[in-house]
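Work through the exercises below with the sequence and the model open. Try each task before you read its solution.

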Amino acid sequence: MKKDLTICFRTSDDLRTSLEKIAADERRSLSSIIETILYDFLKQKKALQSLKKERRRYPRKPVSFPTFVYKSGSEEQALQPGTIVDISLGGIRILIPYDAKIDEAAGIGTLFTLPNEKVPLKMHCAVNRIIPAEENIKEIGASFVDSDFASYQKLQNYLVQ
């Protein structure tokens, strides 16, 4: 772990003595012990998730949009209801009923409306993964491919706001 920042703080003599004793027992430096204690505390409180480095090209935006999912190339036949739970310029995560039929190889199309828009967006996606999410729900992770320019531009405008 790269350490490029110094933090100074005041503490009681008892706390300092206790930390020095722990450091001596573990044969580590005082600063190493303090860092370990702070790191463990943040990990326990789940505050460290924000410290994880984001590896995605586009940041995700949590949303809750109703959507219809259909097999790509099927001209919107056999629409399956679903909910978009997050979206980015690169892709989408959708929750659908567990018994919904999805052909991973063919890809999917989605039809949804953004807030303050009247015309629904039609996005074509390549399915990256389908995993069980809850009891009767499965989760689809998909990347956008070959979507029409107007829909993609509306999505971009929404995500940049």
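The exercises cover a helix, some salt bridges and a surface patch.

This is a predicted model, in which local features need pLDDT of at least 70, side-chain atom pairs count only at pLDDT 80 or more, and totals for chains, interfaces and linings use all residues. Residues are numbered from 1 along each chain as its sequence is written, and side-chain values use heavy atoms, leaving out hydrogens and water.

**Exercise 1. Find the buried side of helix α3 and what it packs against.**

Step 1. Locate the helix. Helices (H or I, at least four residues) and strands (E, at least two) are DSSP runs, numbered from the N terminus. Helix α3 spans residues 149-160 and has 12 residues.

Step 2. List the buried residues (under 20% relative accessible area; exposed is over 50%, partly exposed in between; 1.4 Å probe, protein chains only). In α3 they are Ser151, Leu155, Tyr158 and Leu159. They sit on the same side of α3, because they cover an arc of only 95 degrees around the axis. The arc is taken from the directions from the helix axis to the C-beta atoms.

Step 3. Look at the other face. The face turned away from the buried side of α3 carries the exposed residues Phe149 and Val160.

Step 4. Find the partners. The buried residues of α3 pack against β1 (61-71), β2 (80-87), β5 (121-134) and β6 (137-144). Contact here means heavy atoms within 4.5 Å.

**Exercise 2. Trace the salt bridges of arginine 16.**

Step 1. Apply the rule: a side-chain nitrogen of Lys or Arg within 4 Å of a carboxyl oxygen of Asp or Glu. The count comes to seven salt bridges.

Step 2. Take aspartate 13. Its closest N and O atoms with arginine 16 are 3.2 Å apart.

Step 3. Take glutamate 20. Its salt bridge with arginine 16 has an N to O distance of 3.5 Å.

Step 4. An α-helix has 3.6 residues a turn, so residues three or four places apart point the same way.

**Exercise 3. Where in the chain are the partners of the aspartate 86 and arginine 60 salt bridge?**

Step 1. Check the distance. The closest N and O atoms are 3.1 Å apart.

Step 2. Aspartate 86 is in strand β2, and arginine 60 is in the loop between α2 (30-44) and β1, 26 residues apart.

Step 3. Compare accessibility. Aspartate 86 is buried at 6%, while arginine 60 is partly exposed at 32%.

Step 4. Widen the view. Arg60, Asp86, Arg93 and Glu139 are linked in a network of salt bridges.

Conventions: Expected span 1.5 Å × (residues − 1).
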